[in-house]
Amino acid sequence: MKKLSLICMTLFAMLFAVSCRGPQGPSGHDGQDGNANVCSSTVTVNPNDWYWDNTSWRVDIDYRAIDANITDYGAVLVYMDNGNTWRQLPMTFYYSIEENGVVSYYSSSLEVSTYDEGVSIFWTENDFYDGYRPEEHRFKIVVIAASVFQHRSDVDYSNYEAVKAAFQLAD
């Protein structure tokens, strides 16, 4: 009886193992860089992507990794490519223009707003004049789940290179 029961269990195990195997489907699409709790992507925003919203230039970027839990407890970090470094938003930069011997001083501010499955970037001139549409810019978006963000106070989040190293992000 024991022998019959052992044979039945062996046959059942073999049948179960064989039934779980089958043809392999096509491989999936490449995902975003990062890990299960942190992801990042670089997004290029072209001049025509910006639109004027009566006070600033604005661009909306779809980003499915952002949900209510991320916005409430995690982190959404946005950095702008500044030629040789990534600068965290929000940021303000100052410049001057000389016309006919008169120097005028201006500032431009970039701010970020997040929502479920997306992020908006606002480019505001201090005179609120629509002036020139922003040029092409690259932005890096990093989304960090609450389970990781709340336990990593050792990371300098204003420094993209520190974030990249801490979470093993690929560029």
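**Close-up views of a predicted model**

**View 1. Glu117 in a loop between two strands.** Glu117 lies in the loop that joins β8 (102-115) to β9 (118-125), and it is shown here, as in every view, as part of a predicted model. Although Glu117 is not a glycine, its phi is positive, at about 65°, and this deserves a second look because most residues other than glycine have a negative phi. Glu117 counts as partly exposed because its relative accessibility is 41%. On the surface, Glu117 gathers with Asp62, Asp67, Asp72 and Asp116 in a patch of negative charge.

**View 2. The protein as a whole, as a guide to the other views.** The protein contains 4 helices and 10 strands, and, when read along the sequence, these elements follow the pattern α-β-β-β-β-α-β-β-β-β-β-β-α-α. Of its 171 residues, 31% count as buried, while the protein exposes about 11,500 Å², of which carbon and sulfur atoms supply 51%. Among the contacts with a separation of 6 or more, 60% are accounted for by residues 24 or more positions apart.

**View 3. Ser107 and the residues it touches.** Ser107 is found in strand β8, and it is classed as buried because its relative accessible area is 14%, where buried means under 20%. When residues up to four places away in sequence are not counted, Ser107 touches Thr92, Phe93, Tyr94 and Tyr95, and also Thr124, Glu125 and Asn126.

**View 4. Asn69 and Ala146, two residues from separate stretches of the sequence.** Asn69 has its place in helix α2, which covers residues 68-73, and with 42% relative accessibility it counts as partly exposed. Asn69 and Ala146 are 77 residues apart in sequence, yet their C-alpha atoms are 7.4 Å apart in space.

**View 5. The peptide bond between Leu89 and Pro90.** The peptide bond that runs from Leu89 to Pro90 is cis, with omega near 5°, and Pro90 itself sits in the loop between β6 (86-88) and β7 (91-99).

**View 6. Gln168 in the segment after α4.** Gln168 belongs to the segment that comes after α4 (160-166), and its phi is near 50°, which is a positive value in a residue other than glycine.

**View 7. Salt bridges between side chains.** Side chains of opposite charge can pair when their charged atoms come close, and a search of the whole structure finds 3 salt bridges. In one of them Asp81 pairs with Arg138, with the closest N and O atoms 3.0 Å apart. This pair links distant parts of the chain, since Asp81 is in strand β5 (residues 75-81) and Arg138 is in strand β10 (residues 137-144), 57 residues apart. Arg138 is partly exposed, with a relative accessible area of 35%. In another salt bridge Asp60 pairs with Arg58, and here the closest N and O atoms are 2.9 Å apart; Asp60 is partly exposed at 34%, and Arg58 is partly exposed at 24%. Asp154 forms a salt bridge with Arg152, with a distance of 2.9 Å between the closest N and O atoms. Within that pair, Asp154 counts as exposed at 58% relative accessibility, whereas Arg152 counts as partly exposed at 24%.

Terms used. Residues are numbered from 1 along each chain as its sequence is written. This is a predicted model: local features need pLDDT of at least 70, side-chain atom pairs count only at pLDDT 80 or more; totals for chains, interfaces and linings use all residues. Side-chain values use heavy atoms; hydrogens and water are left out. Patches are made of residues with over 30% relative accessible area and no salt bridge: like charges are joined within 9 Å, nonpolar side chains (Val, Leu, Ile, Met, Phe, Trp, Tyr) within 5 Å. Accessible areas come from the Shrake-Rupley method with a 1.4 Å probe; for residues, only the protein chains shown count as cover. A salt bridge is a side-chain nitrogen of Lys or Arg within 4 Å of a carboxyl oxygen of Asp or Glu. Lys and Arg count as positive and Asp and Glu as negative; His and the chain ends are not counted. The place of a charge is taken as NZ of Lys, CZ of Arg, CG of Asp or CD of Glu. Buried means under 20% relative accessible area, exposed over 50%, partly exposed in between (1.4 Å probe, protein chains only). Contact means heavy atoms within 4.5 Å.
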